[in-house]
Amino acid sequence: MKISYNWLKQFIKIDWKSEETAALLTDLGLEVEVVEKYQSVKGGLEGIVVGHVLSCVPHPDADRLKVTTVDLGNGVPVQIVCGATNVAAGQKVPVATIGTTLYDKEGVAFQIKKGKIRGQESHGMICAEDELGLGESHDGIMILEDSIAAGTTAASVFKIENDEVFEIGLTPNRADAMSHFGTARDLRAGLLQSGVKVELISPSVSNFRVDKRTLKIDVNVEKNLLAPRYCGVTISGITIKPSPAWLQNRLKAIGINPKNNIVDVTNYVLHELGQPLHAFDASKIHGKIIVKTLPSGTKFTTLDDIERTLHEEDLMICDEKGPLCIAGVFGGKNSGVSENTTSIFLESAYFNPVSIRKSAKRHQLNTDASFRFERGIDPNITEYALKRAALLIQEVAGGEITSDIVDIYPKKIEDFPVVLNFNNVKKIIGQELPKEIIKNILASLEIKVNSVSDAGLGLTIPAYRVDVQREIDVIEEILRVYGYNNIKFSDKLNATVSNAPRTEDYKVQNIIGTQLNSQGFHEMMANSLTTSSYVQLSEKLKEEHNVMMLNPLSNDLAAMRQSLLFSGLEAISYNINRRNSDLKLFEFGKTYHKFPSGYEENKHLTMFITGNRNQENWTNAQKPSDFFLFKGYVEAVLSRLGIQKTQNLPVTTDVFSEGIAISQGSNVLVEFGVVKKSILKHFDIKQEILYADFNWALVLKLLSNKIKYVEIPKYPEVRRDLSLLLNENVSFEAIYNLARQTEKSLLKNISLFDVYQGKNLPEGKKSYAVSFTIQDNTKTLTDVQIDKIMGKLQKNLETDLEASLR
């Protein structure tokens, strides 16, 4: 939101520097992000002075040029070569002196320099109005009034306005500050707290009166809940023309392009008071104004010449023939003000915020009016703003008020009662504020104190403060005006110690997150909102299980995610497209599902790995990440949590081209594997992606609060290796399980450290090199014991797996 400092000073007389005012507004919660300079003419006409043409003769070497002598008011006339046909002796003209910077139509700067034109020296430039940015004409130089003295600055002649504009990052809850008047009201409260006594000046409407009653337009509000208050008045005999300079400058300063005097006034009052207005061409209204909804599917063409299909809940401003305007959002093409308009019906209303928000989102229209209506405006200034606009229209467009004000307000929107407890103020703020200061702050915010007691205050909150309806909201208002920086820090440090079990979700998350981070993984957090079409990429996900948003910001954020896979692939695709293709990511997040029995949330841990496992280095060759590396990361998570006695099963989820599920009993703890290429193609990913999905709720259920430990062995371990020739279909898992069954007590570890398939091996065979670690915790093993164990292992491998020693 942009706020003009000059405009702000119309409501509150202040001579502070803009930097001081910006700092105070920021302390009040209206964060000023930047302060920009504004000039009604770019460059501010600096270096432009009024010159008196003393002589004007033809250029000796150019038929279309003239050589002039110009008095610039300093007693030293200068020679200037000019090509304008209308230049003549005796004129007062604007002159750009040496060193002046001017701007062309594209805003590109160029500097006036001393030079020679066809052999004649030229010490400046006599300007046309388009060269100064004062108009579009280039028919000749500007000729000024004879009464203006030579040497007078052009900035003072043309009354150039210099302004400073605050860019405020307005939070959605501060609907009351969405105008210059609202910002001034907040600023006044801050100034009073700072000891600066100022008054808030509101524009007077005491001169409003009905001139004639010759153009009455009746109003019928059929939907009072959607339009709680509706006002209107007619103005006749107006002339559509450009707005005066002061009005154009106000709008330009805040980034609004002037259109014509009527539209400019409605925009001016909107940004001045925060009340949106709309002007209808009265000659295009048939019969009376009707505020109602229309059947779904009704066609309506808006001001941007787009035909829109109306929803049955869209509130419309209609006449007896059809719709004229989408209430509070956008006007219609066939009822707006044009250059031929001579009479208008001026509308000022309070519309239901939810209704306006839904219509604006539905039609993807975001206007200054809808921005304010959907956040909640002040219902008590509806008529006042209408009078203010009517008087301004009479000032800039002429005309007469030709009807009484129609004000349909069947049920007044009441102020909010709130009880404030002084003890709660102290408890929340952390410091006891004097009661008089609290009452003064509330008074400066137009919050009425109805009753006072030792315990607290009975308050009435103005209806326009839609964000202040609870005691905690009032305390926040007191604190922000008092100043967060004025709250003292306590010398006493309080601390509490929580007693939470080791298996608390956040503790387990921290343990696993730290482990994965140490292994090179980066944690990601994706949006829970996604596109509903992703469910089509997996047969296991059903479209009817989507939890859909009622008012989505876009189609890409229309549904709650049923899987964390697709948001992860979005992040991977984003990184790969920026040449960051070696990735290890993990995310803790939830999925959301809708079933006939109700809604369901499930927590997951997902892991992704793609690209090379290590960065390129002169000591290590690059090697791509593979399934077995990823399997190690997955199993390390379960191992770190002490989850044992698991089984490997085939995956059931159809997002994998190959993969494994790890379960304990009938509970599948994690599924992992290689993501299908058909899914990767949807995200424009051409490299292999490994993905794991942990059912985090089941993982947490298997954790125990008991700490299990074993003593460090006192006796040495022994390692023996076997090089085995095996059939191709024999897996290491089969060797591992058989070895465990053969020797349960002394066999501590089994590891596969080499695999070979290829030349010099019989067809259908492969070679595994397997190590066996043997240890007795009570004594040192003898060679006889070790040989006995290894002999038994060898025999069982030969018998059960048809293995042979190489």
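Colleague: Is Tyr-633 buried or exposed?

Modeller: Start with the scale: under 20% relative accessible area is buried, over 50% is exposed, and partly exposed is in between (1.4 Å probe, protein chains only). Tyr-633 has 13% relative accessibility, so it counts as buried.

Colleague: What should I know about the model?

Modeller: It is a predicted model, where local features need pLDDT of at least 70 and side-chain atom pairs need 80 or more, while totals for chains, interfaces and linings use all residues. Residues are numbered from 1 along each chain as its sequence is written, and side-chain values use heavy atoms, without hydrogens or water.

Colleague: How many aromatic pairs does the structure hold?

Modeller: A pair of rings is described by the distance of the centres and the angle of the planes. Rings of Phe, Tyr and Trp (its six-membered ring) pair if their centres lie within 6.5 Å; planes under 30 degrees apart are stacked, over 60 edge-to-face, and the rest tilted. This structure holds 18 such pairs. One of them is Phe-280 with Phe-345, which is tilted: 6.4 Å centre to centre, with 40° between the planes.

Colleague: Where do Phe-280 and Phe-345 sit?

Modeller: Elements come from DSSP runs, numbered from the N terminus: helices are H or I with at least four residues, strands are E with at least two. Phe-280 is in strand S15 (residues 277-281) and Phe-345 in strand S22 (residues 343-350). The two are 65 residues apart, and the pair links distant parts of the chain. Phe-280 is buried because its relative accessibility is 0%. Phe-345 is buried too, with a relative accessible area of 1%.

Colleague: Which kind of pair do Phe-521 and Tyr-633 form?

Modeller: Their ring centres are 5.2 Å apart and their planes lie at 85°, so the pair is edge-to-face. Phe-521 lies in the loop between H14 and strand S28 (522-523), and Tyr-633 lies in helix H16, so the pair ties together parts 112 residues apart in sequence. Phe-521 has 0% relative accessibility and counts as buried. Elsewhere, ring pairs join Phe-627, Phe-628, Phe-630 and Phe-672 into a cluster.

Colleague: Which residue lies over the face of Tyr-574?

Modeller: A charge sits over a ring if NZ of Lys or CZ of Arg is within 6 Å of the ring centre and within 35 degrees of the ring normal. Arg-578 lies over the face of Tyr-574, 3.6 Å from the ring centre. Arg-719 lies over Phe-753 at 5.1 Å.

Colleague: What lines the largest pocket?

Modeller: On a 1 Å grid over the protein atoms alone, a pocket is an open set of points with protein on both sides within 12 Å along at least five of seven lines, and lining residues have an atom within 4 Å of a point. The largest pocket is lined by 46 residues, with Glu-635, Ser-639, Ile-643, Thr-646 and Tyr-736 nearest its centre. Elements giving two or more residues to this lining include helix H14 (505-518), helix H16 (627-640) and helix H19 (732-742). H16 gives the most, with nine residues.

Colleague: How many of the lining residues are nonpolar, polar and charged?

Modeller: Ala, Val, Leu, Ile, Met, Phe, Trp, Tyr, Cys and Pro count as nonpolar, Asp, Glu, Lys and Arg as charged, and the others, Gly among them, as polar. The lining of the largest pocket has 22 nonpolar, 13 polar and eleven charged residues.

Colleague: What is the phi of Glu-446?

Modeller: Most residues other than glycine have a negative phi. Glu-446 has a positive one, near 65°. Glu-446 sits in the loop between helix H12 (435-444) and strand S26 (448-452). Its relative accessibility is 34%, so Glu-446 counts as partly exposed. Asp-684 also has a positive phi, about 60°. Its place is the loop between helix H17 (677-682) and strand S37 (689-695). Asp-684 is partly exposed, at 45% relative accessibility.

Colleague: How many disulfides does a search of the whole structure find?

Modeller: A disulfide is a covalent bond between the sulfur atoms of two cysteines. The test is a pair of cysteine sulfur atoms within 2.5 Å. The search finds zero. Cys-318 is in no disulfide: the nearest cysteine sulfur, in Cys-325, is 9.4 Å away. Cys-318 is buried, with a relative accessible area of 0%.

Note on methods
1 Å grid on protein atoms, 1.4 Å probe; cavity = no way out; pocket = protein on both sides within 12 Å on 5 of 7 lines; lining within 4 Å.
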